[in-house]
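Here is a short briefing on one structure.

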Amino acid sequence: MVWFCNSADCQFSVFALTTIGWILSSTSTGLVEWRIWYMKDTSLYPPGIACVGIFRVCIYRHRTNSTTTKFCYRYSYQDTFLPFEISMAQRFLLTASIFGFFGRAFNMFALRNMSMRMFEEDTYNSFVVSGILNIAAGVFNLTAVLQNYDAVINSQGITFLPSLQMPFKPDVQEVGTAIQVAGIGVLPMLLTGMFSLFYKCPPYGQVHPGISEM
């Protein structure tokens, strides 16, 4: 792996994959379909479908056979009912987006130097920093995905506000598309982070300063 991706074309491909992973991960943060709840009609709660996201929940109520109403509630810092996996995912996903953004910035700086054949220590360090940031972003995203996936598989409930008219646990709970999008985005972030982390300057880049002195 040390020598596998030292060419400019390969590193540009790594940057493209990193961008795709970052876009997918950042997009999943704003999606509401992390956990899908199917609720049947009871004496306490009306029937409907709820999409439980990381930053908000959207509830779809079937009023008649042809009418469906939608209501979304955005979480606030005062909400104490949020479970551990959602509270941590809020921090993890935001941190991952920031790390991924700066990881791409360092990668662009390194690619600029590489395209200008400036194989210096700054280029190497920029690739390394980019790799560390992308790997960290991937780990944060992966942790958020696994925690919420585990919550769905184990049918964990949420004590929502009474005004939302939602039960502690739904009749059926499924993994939403947002978890899948975030999971797909994790792989390129981790792989490209490893490629950048193990980048090595070409041998001729090491003798270039001596030639310029002559």
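**The largest pocket**

The lining of the largest pocket consists of F55, R74, Y75, S76, Y77, D79, L82, S87, Q90, R91 and L94. This is a predicted model: local features need pLDDT of at least 70, side-chain atom pairs count only at pLDDT 80 or more, and totals for chains, interfaces and linings use all residues. Residues are numbered from 1 along each chain as its sequence is written, and side-chain values use heavy atoms, with hydrogens and water left out.

- The largest pocket holds about 240 Å³ of space.
- A pocket is an open set of points on a 1 Å grid over the protein atoms alone, where a 1.4 Å probe fits, with protein on both sides within 12 Å along at least five of seven lines; lining residues have an atom within 4 Å of a point.
- Helix α2 (residues 84–115) gives the most to this lining, with 4 residues.

**Aromatic rings**

- The structure holds 8 aromatic pairs (rings of Phe, Tyr and Trp, its six-membered ring, with centres within 6.5 Å; planes over 60 degrees apart count as edge-to-face).
- W37 and F160 form an edge-to-face pair, 5.5 Å centre to centre with 75° between the planes.
- W37 lies in strand β1 (residues 35–39) and F160 in the loop between α3 (121–153) and β5 (172–175), so the pair ties together parts 123 residues apart in sequence.
- Both W37 and F160 are buried (under 20% relative accessible area, 1.4 Å probe, protein chains only).
- One aromatic cluster is formed by W37, Y73, Y75, F81 and F160.

Definitions and conventions: Grid points are joined across faces, edges and corners, and a volume is the space filled by probe spheres set on the points. Helices (H or I, at least four residues) and strands (E, at least two) are DSSP runs, numbered from the N terminus. Rings of Phe, Tyr and Trp (its six-membered ring) pair if their centres lie within 6.5 Å; planes under 30 degrees apart count as stacked, over 60 as edge-to-face and the rest as tilted. Buried means under 20% relative accessible area, exposed over 50%, partly exposed in between (1.4 Å probe, protein chains only).
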